[in-house]
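Here is a short briefing on a single model. Look over the fold before reading on.

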Amino acid sequence: LYKLTAHELHDKLVKKEISSVELTENVYSRIDEVEDKVQAYVTLDKENALAQAAKVDAKIAAGEEIAPLAGIPGAIKDNICTKGLLTTCSSKMLANVVPIYDAHVISKLRADDAIFTGKTNMDEFAMGSTTESSYFHKTYNPWNLDRVPGGSSGGSAAAVAAGEAIVTLGSDTGGSIRQPSSFCGTVGLKPTYGSVSRYGLVAFASSLDQIGPIGKSVKDVAMLYSLICGHDNMDATSAYR
């Protein structure tokens with residue numbers, strides 16, 4: 001299942017050919033298989049992910065409509081705030097920081113029943129292009145472990161390429177989504193500035209930073225982008241669409 005695209009998995013969930021719990025367990029099995037080599041993650045959140053998957057399965061069983069990425073496991077770059085879950089920016093200085101609020105994009109995805117497998121590795125404070133400057137460990141390119149995955153969103157791109165997440169969020173200031181996506185053979189998008197709220201993103205250069213999606217296909221990226229874009233009163237630079 002971890003090899004399929006998000007839109008293929010959505011169809012299977014709606015048709016009850018698979019369950020979200022089954023899919024989530026399959027992704028974590030893949031993580032167990034390759035994470036020691038790829039090292040895409042800083043933090044995993046399996047217990048909460050499976051609990052959320054069970055809630056989505058209950059909605060499907062009750063005949064409720066689900067959002068495009070409901071019940072589909074995705075990962076979050078570790079500079080995007082997640083309430084109750086470590087947000088370290090891959091830095092020793094923030095190694096024990098647990099935010100008390102969600103970034104705007106996380107709130108939107110939670111409302112649409114997305115599942116978060118964990119937080120992905122990155123160049124410390126997003127300053128780098130190889131994901132070798134993380135305090136915790138280097139991330140490796142799943143296609144060739146002797147090569148870098150790019151950066152600073154290297155963990156997010158590597159997680160998708162390795163099947164350790166179906167989709168992921170990264171952040172891009174000067175190429176930090178686009179460059180690792182090209183290195184890892186994934187699709188990545190830096191959205192037009194202002195189309196996605198920066199609220200809850202640990203800033204690198206506020207006038208350039210944008211949160212954006214990474215996936216296996218253009219359709220997957222479009223699905224994720226459509227869920228996270230839109231105006232946010234907490235970000236004065238976010239645009240109405």
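Two strands pair if DSSP finds at least two bridges between them. By that test, S2 and S4 pair in the parallel sense over three bridges. Helices (H or I, at least four residues) and strands (E, at least two) are DSSP runs, numbered from the N terminus. This is a predicted model: local features need pLDDT of at least 70, side-chain atom pairs count only at pLDDT 80 or more, and totals for chains, interfaces and linings use all residues. Residues are numbered from 1 along each chain as its sequence is written, and side-chain values use heavy atoms, with hydrogens and water left out.

**The sheet**

- Six strands make an open sheet of mixed pairing, in the order S1-S3-S2-S4-S6-S5.
- Strands S1 (41–44) and S5 (187–188) are the edges, and each pairs on one side only.
- S5 pairs with S6 (residues 210–215) in the antiparallel sense, over two bridges.
- In that region, valine 187 stands opposite glycine 215 of S6.

**Strand S2**

- Five of the five residues of S2 are buried (under 20% relative accessible area, with exposed over 50% and partly exposed in between; 1.4 Å probe, protein chains only).
- S2 is therefore largely enclosed by the rest of the structure.
- S2 and S3 run parallel, joined by four bridges.
- Glycine 74 stands opposite phenylalanine 116 in S3.
- Towards S4, alanine 75 stands opposite threonine 168.

**Helices H4 and H7**

- The axes of H4 and helix H7 (residues 218–228) come within 8 Å and cross at roughly 105 degrees; axes are lines fitted to C-alpha atoms, for helices over the stretch in contact, and angles run from 0 to 180 degrees between N-to-C directions.
- That makes H4 roughly perpendicular to H7 (65 to 115 degrees; under 35 is roughly parallel, over 145 roughly antiparallel, the rest oblique).
- Val105, Lys108 and Leu109 of H4 make the contact (heavy atoms within 4.5 Å) with Leu224, Leu227 and Ile228 of H7.

**Threonine 186**

- Threonine 186 is found in the loop between helix H6 (178–184) and S5.
- Threonine 186 counts as buried because its relative accessibility is 13%.
- Leaving aside neighbours within four places in sequence, threonine 186 is in contact with Ala157, Val160, Ala161, Ser181, Ile214 and Gly215.
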